[in-house]
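The sequence and the structure come first.

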Amino acid sequence: MLGYGAALFCLIPRLWRTEVWINPDGLEWARAKWGFWAKKYFRLMEWVSLHAANRIIADAEAIATSLAGRHRKLPACTVILMAVR
């Protein structure tokens with residue numbers, strides 16, 4: 001799943017023991033473009049995603065570090081590194 005906005009739906013495949021991997025795609029709840037309630041929703045969905053997912057796929061080390069720093073329990077996390085030529 002790309003993003004954690006619909007993280008509640010990740011619980012459905014988990015009922016059948018299907019692995020769920022989520023790419024959080026940044027810190028949506030921290031973006032200025034969202035209003036108060038949207039930020040609360042995204043923060044809740046971030047928490048749900050960390051409990052619903054088997055693995056987090058971070059596209060930056062900073063995202064993985066931020067998640068680990070703010071949440072005590074973190075599923076397995078893989079960081080995608082871009083090769084620079």
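Rings of Phe, Tyr and Trp (its six-membered ring) are taken as a pair if their centres lie within 6.5 Å; planes under 30 degrees apart make the pair stacked, over 60 edge-to-face, and the rest tilted. The model discussed here is predicted.

**Aromatic cluster**

With that rule the count is 4 aromatic pairs. For Tyr-4 and Phe-42, the ring centres are 6.4 Å apart and the planes stand at 80°, so this pair is edge-to-face. Tyr-4 belongs to the segment before H1 and Phe-42 to helix H2, so the pair ties together parts that are 38 residues apart in sequence. Tyr-4 and Phe-42 also belong to one aromatic cluster, together with Trp-34 and Tyr-41. Tyr-4 is buried, at 2% relative accessibility, and Phe-42 is buried as well, at 13%.

**Helix H2**

Helix H2 covers residues 36-52. At 1.5 Å a residue, its 17 residues should span 24 Å, and the end C-alpha atoms are 24 Å apart, which agrees. The buried residues of H2 are Phe-42, Met-45, Glu-46, Val-48, Ser-49, Leu-50 and Ala-52. Their cover includes helix H1 (11-15), strands E1 and E2, and helix H3 (61-70).

Which residues does Glu-46 touch, leaving aside those up to four places away in sequence? They are Tyr-4, Leu-27, Trp-29, Leu-67, Arg-70 and His-71. Glu-46 is found in helix H2 and has a relative accessibility of 1%, so it counts as buried. Ser-49, also placed in helix H2, is buried at 2% relative accessibility. With residues up to four places away again left out, Ser-49 touches Tyr-4, Ala-7, Ile-22 and Ile-56. By the same exclusion, the contacts of Met-45 are Tyr-4, Gly-5, Ala-7 and Leu-8.

**Nonpolar core**

The largest nonpolar core has 17 residues. Those with the most contacts inside it are Tyr-4, Ala-7, Cys-10, Ile-22, Met-45, Ile-56 and Leu-67. H2, E2 and H3 each supply at least two residues of this core, and H2 gives the most, with 5 residues.

**Sheet**

Three strands make up an open sheet in the order E1-E2-E3, with parallel pairing. Strand E1 (21-22) and strand E3 (76-79) are at the edges, each with a single partner strand, so one side of each has no neighbour in the sheet. Between E1 and strand E2 (residues 55-58), the parallel pairing runs over 2 bridges. Trp-21 is the residue that stands opposite Arg-55 in E2.

**Cysteines**

How many disulfides does the structure hold? The number is 0. A disulfide is a covalent bond between the sulfur atoms of two cysteines. Cys-10 is in no disulfide, and the nearest cysteine sulfur, that of Cys-77, is 15 Å away. For Cys-77, likewise in no disulfide, the nearest cysteine sulfur is that of Cys-10. The cut-off for a disulfide is 2.5 Å between sulfur atoms. Cys-10 is buried, with a relative accessible area of 3%, whereas Cys-77 is partly exposed at 28%.

Pro-13 lies in helix H1. Its contacts, not counting residues up to four places away in sequence, are Thr-18 and Val-20. From Pro-13 to Glu-61 the separation is 48 residues in sequence and 27 Å in space, C-alpha to C-alpha. The loop between H1 and E1 contains Arg-17. Phi of Arg-17 is near 60°, a positive value in a residue other than glycine.

**Accessibility of selected residues**

Buried means under 20% relative accessible area and exposed over 50%, with partly exposed in between. The table sets out the classes for several of the residues discussed.

| Residue | Relative accessibility | Class |
|---|---|---|
| Glu-46 | 1% | buried |
| Tyr-4 | 2% | buried |
| Ser-49 | 2% | buried |
| Cys-10 | 3% | buried |
| Phe-42 | 13% | buried |
| Pro-13 | 26% | partly exposed |
| Cys-77 | 28% | partly exposed |
| Arg-17 | 78% | exposed |

Terms used: Residues numbered from 1 in each chain as written. Predicted model: local features only at pLDDT ≥ 70, side-chain atom pairs only at ≥ 80, totals over all residues. Heavy atoms only, no water. Pairing = 2+ DSSP bridges. Helix = DSSP H or I, 4+ residues; strand = E, 2+ residues; numbered from the N terminus. Expected span 1.5 Å × (residues − 1). Buried < 20%, exposed > 50% of the residue type's maximum accessible area, 1.4 Å probe, protein only. Contact = heavy atoms within 4.5 Å. Core = buried A, V, L, I, M, F, W, Y, C linked by side-chain atoms within 4.5 Å.
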